[in-house]
Amino acid sequence: MMKKTALGFSAAALALAGTAALAQGPMGKVDTDGDGNVTRAEMASHGAQMFARMDANGDGVINAEDRAARRSEMFAKADTNGDGELSQAEMEARRDARMERRSERLEARAERRAERMAERFAAMDADTSGGLTQEEMQANHEARGNRGSDAESRRGGKRGHHGMRGARRGGGMMMLRMADADGDKSITRAEFDAAQAAHFAKVDTNGDGTITAAERQTAHQAMRAEWKAKREAAQ
């Protein structure tokens with residue numbers, strides 16, 4: 001039987017953090033049709049991609065061997081001249097490439113936001129005049145509910161943005177513990193899928209197979225309250 005090695009704080013935790021991020025706002029690549037909701041099928045597809053990416057040696061288990069393989073792969077990619085060392089120029093090139101990828105992601109998000117805003121405006125502009133009357137604004141307000149409450153919720157999410165990375169790390173470790181059902185410090189595909197399904201079901205409070213923005217917001221608030229309570233208890 002294959003020997004399974006300890007994960008520690010590994011790539012598996014980071015991968016599973018993507019599932020915990022269901023409760024933390026924008027879904028990015030998970031919400032493939034861009035409708036603002038995440039279906040069970042979308043989550044399963046994203047999970048399969050994450051597992052394949054983390055399972056570097058393709059043995060069906062995410063463990064410390066995969067973590068080491070990914071480190072070696074990343075180092076080799078950065079070591080462009082193949083001399084076994086990273087020069088200052090190579091380090092700078094690695095940083096620039098990372099910043100470029102981040103810029104591309106931000107640009108793509110901005111484009112998606114602009115498209116959604118255009119669609120919302122078109123839906124509000126009932127007479128297609130190119131402008132919104134007071135009546136159209138009121139009709140939209142009544143259809144969508146209290147916009148002020150929604151805006152406050154979004155602002156609350158942004159206030160916590162700088163702590164999001166730590167929250168996702170915490171979410172990743174939580175998911176790691178959930179996924180490692182047999183406690184052997186290694187995660188099989190079956191364990192990974194089971195953990196994702198359990199977390200999806202927890203966030204999908206009405207059990208309809210789709211996680212809405214409202215359900216994500218509720219889960220996010222619950223997670224923040226839980227982390228706050230743990231921090232206070234540790235003090």
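Residues are numbered from 1 along each chain as its sequence is written. Because the model is predicted, local features need pLDDT of at least 70 and side-chain atom pairs count only at pLDDT 80 or more, while totals for chains, interfaces and linings use all residues; side-chain values use heavy atoms, with hydrogens and water left out.

I begin with the record. UniProt, in an unreviewed entry, places the feature "domain: EF-hand" at residues 49–65, 74–92 and 200–215. Those positions are given in the numbering used here, with feature names shortened, and such annotations may be inferred rather than shown by experiment. In the model, residues 49–65 are 47% helix and 12% strand, with end C-alpha atoms 19 Å apart. For residues 74–92 the figures are 53% helix and 0% strand, and the end C-alpha atoms lie 15 Å apart. Helices here are DSSP runs of H or I with at least four residues, strands are runs of E with at least two, and both are numbered from the N terminus.

I turn next to the interior. In soluble globular proteins, nonpolar side chains tend to be buried together. A nonpolar core is a set of buried Ala, Val, Leu, Ile, Met, Phe, Trp, Tyr and Cys residues joined through side-chain atoms within 4.5 Å. Buried means under 20% relative accessible area, exposed means over 50%, and partly exposed lies in between, using a 1.4 Å probe and protein chains only. The largest such core has eight residues: M50, F51, M54, I62, A179, I187, F192 and A195. Helices α2 (40–54) and α8 each supply at least two residues of this core, and the largest share, three residues, comes from α2. A second, separate core of seven residues includes V38, M43, F200 and I211.

Which residues of α9 are buried? They are E215, R216, A219, H220, M223 and W227. Seen down the axis of α9, these fall within an arc of 130 degrees, so they line one face of the helix; the arc is that of the directions from the helix axis to the C-beta atoms. The face turned away from the buried side carries the exposed residues A214 and A233. As for length, the 22 residues of α9 (residues 213–234) should span 32 Å at 1.5 Å a residue, and the end C-alpha atoms are 31 Å apart, which agrees. The expected span is 1.5 Å times one less than the number of residues.

Now the charged pairs. A salt bridge is a side-chain nitrogen of Lys or Arg within 4 Å of a carboxyl oxygen of Asp or Glu. How many salt bridges does this rule give? The count comes to three.

The remaining pair is D96 with R95, at 3.1 Å.

Finally, T128 lies in the loop between α4 (88–124) and α5 (134–144). T128 has a positive phi of about 50 degrees although it is not a glycine, and at 69% relative accessibility T128 counts as exposed.
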